[in-house]
Amino acid sequence: MSTINKRLGANIRRIRQEKNLMQKEFSKKVGLDAAYLSNIENGKMNPTVTTIEKIAKALGVTVSELTK
């Protein structure tokens, strides 16, 4: 797993939890499978820029906030 994937996943999980969103609820909001989102949060997937943009929009944050 790359460092950026781990950091991205950790930031997504942290922000999602801060907004009190459960993974299943969040996956519906983003329009992605819950298992796929779980793998992203665990740093096991290398999501496309489009997917990262969808996640950022659903969380109400910028892409740069997810990757910092």
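1. The model is a predicted one, in which local features need pLDDT of at least 70 and side-chain atom pairs count only at pLDDT 80 or more, while totals for chains, interfaces and linings use all residues. Residues are numbered from 1 along each chain as its sequence is written, and side-chain values use heavy atoms, with hydrogens and water left out.

2. Helices are DSSP runs (H or I, at least four residues), numbered from the N terminus.

3. Helix 3 spans residues 34–41, and its buried residues are Leu37, Ile40 and Glu41. These three lie on the same side of helix 3, because they cover an arc of only 95 degrees around the axis, the arc being that of the directions from the helix axis to the C-beta atoms. Buried means under 20% relative accessible area, exposed over 50%, and partly exposed in between (1.4 Å probe, protein chains only). The cover over the buried residues of helix 3 includes helix 1 (3–18), helix 2 (23–30) and helix 4 (49–59).

4. A nonpolar core is a set of buried Ala, Val, Leu, Ile, Met, Phe, Trp, Tyr and Cys residues joined through side-chain atoms within 4.5 Å. The largest such core has 16 residues, of which Ile12, Phe26, Ile55, Leu59 and Leu66 touch the most other members. Helices 1, 2, 3 and 4 each supply at least two residues of this core, and helix 4 gives the most, with five. Neighbours within four places in sequence aside, Ile55 is in contact (heavy atoms within 4.5 Å) with Ile12, Phe26, Val30, Leu37, Ile40 and Leu66.

5. There are three salt bridges in the structure, each a side-chain nitrogen of Lys or Arg within 4 Å of a carboxyl oxygen of Asp or Glu. Glu41 pairs with Arg13, the closest N and O atoms being 3.5 Å apart; because Glu41 lies in helix 3 and Arg13 in helix 1, the pair ties together parts that are 28 residues apart in sequence.
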